[in-house]
Amino acid sequence: MSILHAKSQKTKKRYLKRGISFFVALACVVAFGYCMREQVVSGKTPEKIRATADEQRKKVAITFDDGPNPDYTELLLEGLAERGVHATFFLLGKEIEKYPQIVEEIHAGGHLIGTHAYEHVNLRNLTDKAAIDQIDKTNSLIHDITGIYPEYIRPPFGSLKSNLDYNTTMIEVLWDIDPLDWKTSNSDVIAKRVITKVQENDIILLHDASESSVKAAFKIIDELQKEGYLFVTVDGILFD
């Protein structure tokens, strides 16, 4: 074989490989386009595909009581936004009156707002009228700021008056895990109490009233996200 002929053969092989690569790439593009067309025709848009993937993940809800707090709620909101997490806040009416702008920030952040009470009192120890006033006053304050009447209530101490003559469709929300974050300033201890016990569809109780609780919340979120948990608001637990 002459040198010239060898070069010619190599050239032919090179062009042949290029031709094969081109047709393989073209086939991949056509196949991808077909798959995307089928997804759109069947209603499986990329957004719906991602939503379906989220639905298949383990869910958990993180909730915060007793706010809004002038020192820690905004810090908490920043951290939640950075992590792409929506939480549920059960607010006290008395604090809402003091810090309405923080309530606006909670609402603007896409978080769910529920009623705690006007004051942190055991509603069972009140008359029916006094208990109703605690709820109604707080609901009105939340509505005045957000334009929405809250649908969920977590009574202080988890204690709602039985047979309360109250014309409402509000849903009582308690919790599955309470790390007693208000009893310690050690964020590691608080986080461990949650992480070692949490299960799918649990509702976690915390407070946005101390630095340790906020730090613990971030540690809990970071660890559970690594474990594949998706954080949702309480309605995503109660009705899914």
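**Salt bridges, cores and backbone details in a predicted model**

Let me begin with Glu95, which counts as buried at 18% relative accessibility, where buried means under 20% relative accessible area, exposed over 50%, and partly exposed in between, computed with a 1.4 Å probe on protein chains only. Before I go on, please keep in mind that this is a predicted model, in which local features need pLDDT of at least 70 and side-chain atom pairs count only at pLDDT 80 or more, while totals for chains, interfaces and linings use all residues. Residues are numbered from 1 along each chain as its sequence is written, and side-chain values use heavy atoms, with hydrogens and water left out.

Glu95 forms a salt bridge with Lys98, and the closest N and O atoms of the two are 3.6 Å apart; by salt bridge I mean a side-chain nitrogen of Lys or Arg within 4 Å of a carboxyl oxygen of Asp or Glu. Lys98, for its part, is partly exposed, with a relative accessible area of 48%. Both residues lie in helix α4, three residues apart, about one turn of the helix, and here helices (H or I, at least four residues) and strands (E, at least two) are DSSP runs, numbered from the N terminus.

How many salt bridges does the structure hold? There are eight salt bridges in the structure, and I will describe two further ones. In one of them, the side chains of Arg154 and Asp65 meet at 2.9 Å, N to O. This pair links distant parts of the chain, with Arg154 in the loop between β4 and β5 and Asp65 in strand β1, 89 residues apart. Both Arg154 and Asp65 are buried.

The other joins Asp222 to Arg83, with the closest N and O atoms 2.7 Å apart. Here too distant parts of the chain are linked, since Asp222 belongs to helix α8 and Arg83 to helix α3, 139 residues apart. Asp222 is partly exposed, with a relative accessible area of 31%, and Arg83 is also partly exposed, with a relative accessible area of 23%.

Let me turn to the interior. A nonpolar core is a set of buried Ala, Val, Leu, Ile, Met, Phe, Trp, Tyr and Cys residues joined through side-chain atoms within 4.5 Å. The largest such core has 34 residues, of which Ile62, Phe64, Leu76, Phe89, Ile204, Leu206 and Leu224 touch the most other members. Helix α8, residues 211-226, gives the largest share of this core, seven residues. Apart from it lies another core, of 10 residues, among them Phe90, Leu112, Leu230 and Val232.

What does Phe89 contact, once neighbours within four places in sequence are left aside? Its contacts, meaning heavy atoms within 4.5 Å, include Phe64, Leu76, Leu80, Ile106 and Asp208.

Phe90 lies in strand β2 and is buried, with a relative accessible area of 0%.

Just after α5, Gly110 takes a positive phi of about 85°.

Finally, some backbone details in the loops. A cis peptide bond, with omega about 0°, joins Gly67 and Pro68, and Pro68 is found in the loop between β1 and α3. Phe157 has a positive phi of about 65° although it is not a glycine, and its place is in the loop between β4 and β5. Phe157 is exposed, with a relative accessible area of 55%. Asn201, another residue other than glycine, has a positive phi near 70° and sits in the loop between α7 and β6, where Asn201 counts as partly exposed at 38% relative accessibility.
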